[in-house]
Amino acid sequence: ADIPVIPDLEEVQEEDLAMQVAAPPSVQVNRVLTYHDLDKDLRKYAAFQTLDGEVDLKLLTKVLAPEHELREDDVSWDWDHLFTEVSSEIVTEWDLGQSERED
């Protein structure tokens, strides 16, 4: 009774669930807030003015940089070019240091 049995190929094909597709879940999609909306909310609601009711965040919120100052264009990096540029700057700084020591 405790001897394992190898199933027939026909039985395995009947039980194959890999080809069945589950129905997609129904999820309510909420609107994603923009930086502008978040900035307005930060200044508007007093809940964001303190952290845990103890730490005053007003000073921090006054000096936060606006989004347009933080945005940068995407720049692709080429390893060879970047390595050459950095090593050239290092050699230049080293040469300047050597010449100042000689003077």
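Which helix is S99 found in? S99 is found in helix α5, and the sections below set that residue in context.

## Model and confidence

This is a predicted model, in which local features need pLDDT of at least 70, side-chain atom pairs count only at pLDDT 80 or more, and totals for chains, interfaces and linings use all residues. Residues are numbered from 1 along each chain as its sequence is written, and side-chain values use heavy atoms, with hydrogens and water left out.

The average pLDDT (the predictor's confidence in each residue, from 0 to 100) is 78 for the chain, and 77% of the residues score at least 70.

## Fold and surface

Five helices and two strands make up the secondary structure, following the pattern α-α-β-β-α-α-α along the sequence. Helices (H or I, at least four residues) and strands (E, at least two) are DSSP runs, numbered from the N terminus.

The accessible surface (Shrake-Rupley, 1.4 Å probe) comes to about 10800 Å², with 57% belonging to carbon and sulfur atoms. Of the 103 residues, 3% count as buried; buried means under 20% relative accessible area, exposed over 50%, and partly exposed in between (1.4 Å probe, protein chains only).

## Two residues to look at

L59 sits in helix α3 (residues 58-63) and is exposed, with a relative accessible area of 64%.

S99, by contrast in topic, belongs to helix α5 and counts as partly exposed at 30% relative accessibility. A polar atom of the S99 side chain lies 2.9 Å from the backbone oxygen of L96.

Conventions: A polar contact is a pair of N or O atoms within 3.5 Å; within protein, one must be able to donate a hydrogen and the other to accept it, and residues adjacent in sequence count only if both atoms are side-chain atoms.
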